[in-house]
Amino acid sequence: MYSYTPAEKRQRRSLFRKGAWQAVSDSVDPRLEAKIQRIDQDAKERGARELDALQAKQEADRQAVATAKAALRTSRGTDRQTARDALKAAEKQLRTTERVVYRAERS
């Protein structure tokens with residue numbers, strides 16, 4: 001997963017255009033390619049860190065769902081509705097996180 005900052009996107013786009021013009025004249029500057037590769041490497045490292053953080057959040061949300069299920073199973077009376085609402089909220093949060101992780105893994 002690559003995660004470019006807005007400045008990196010602009011700089012990479014500019015360097016790519018310069019490289020395209022240089023490619024037309026068959027004289028591509030290797031420093032230009034090195035800069036693009038450096039930007040790509042930074043974005044890849046940042047993307048890996050973000051994906052790790054998302055997966056950690058997903059695990060925490062799964063644990064929250066398991067805790068809410070246990071609370072629902074052990075609750076009685078009026079606490080049962082509160083526990084049911086907490087379970088629904090935890091499951092909703094988990095679904096949201098899973099969608100975000102899925103999209104991040106595919107990008």
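Which residues does Arg-46 touch, not counting residues up to four places away in sequence? In this predicted model, they are Ser-3, Tyr-4, Thr-5 and Glu-8. With Glu-8 there is also a polar contact, side chain to side chain, at 3.0 Å. Arg-46 itself sits in helix α2, which covers residues 30-74.

Now step back to the helix pair. The axes of α1 (residues 6-24) and α2 come within 10 Å and cross at roughly 150°. Angles over 145 degrees count as roughly antiparallel, so α1 is roughly antiparallel to α2. The crossing of α1 past α2 is left-handed. Here is who takes part on each side:

| Helix | Residues in the contact |
|---|---|
| α1 | Glu-8, Gln-11, Arg-12, Leu-15, Phe-16, Lys-18, Gly-19, Gln-22 |
| α2 | Leu-32, Lys-35, Ile-36, Ile-39, Asp-40, Asp-42, Ala-43, Arg-46 |

Finally, the whole protein. Its secondary structure amounts to three helices and zero strands, giving the pattern α-α-α along the sequence. The radius of gyration is 23 Å, well over the 13 Å that the globule rule gives for 107 residues, so the protein is more spread out than a compact globule. Along the principal axes, the C-alpha atoms fill a box of roughly 80 × 20 × 15 Å.

Definitions and conventions:
Residues are numbered from 1 along each chain as its sequence is written. This is a predicted model: local features need pLDDT of at least 70, side-chain atom pairs count only at pLDDT 80 or more; totals for chains, interfaces and linings use all residues. Side-chain values use heavy atoms; hydrogens and water are left out. Helices (H or I, at least four residues) and strands (E, at least two) are DSSP runs, numbered from the N terminus. A polar contact is a pair of N or O atoms within 3.5 Å; within protein, one must be able to donate a hydrogen and the other to accept it, and residues adjacent in sequence count only if both atoms are side-chain atoms. Contact means heavy atoms within 4.5 Å. Axes are lines fitted to C-alpha atoms, for helices over the stretch in contact, and angles run from 0 to 180 degrees between N-to-C directions. Angles under 35 degrees count as roughly parallel, over 145 as roughly antiparallel, 65 to 115 as roughly perpendicular and the rest as oblique. A crossing is left-handed if the near helix is turned anticlockwise from the far one by less than a right angle, and right-handed if clockwise. The radius of gyration is taken over C-alpha atoms; the globule rule is 2.2 Å times the number of residues to the power 0.38.
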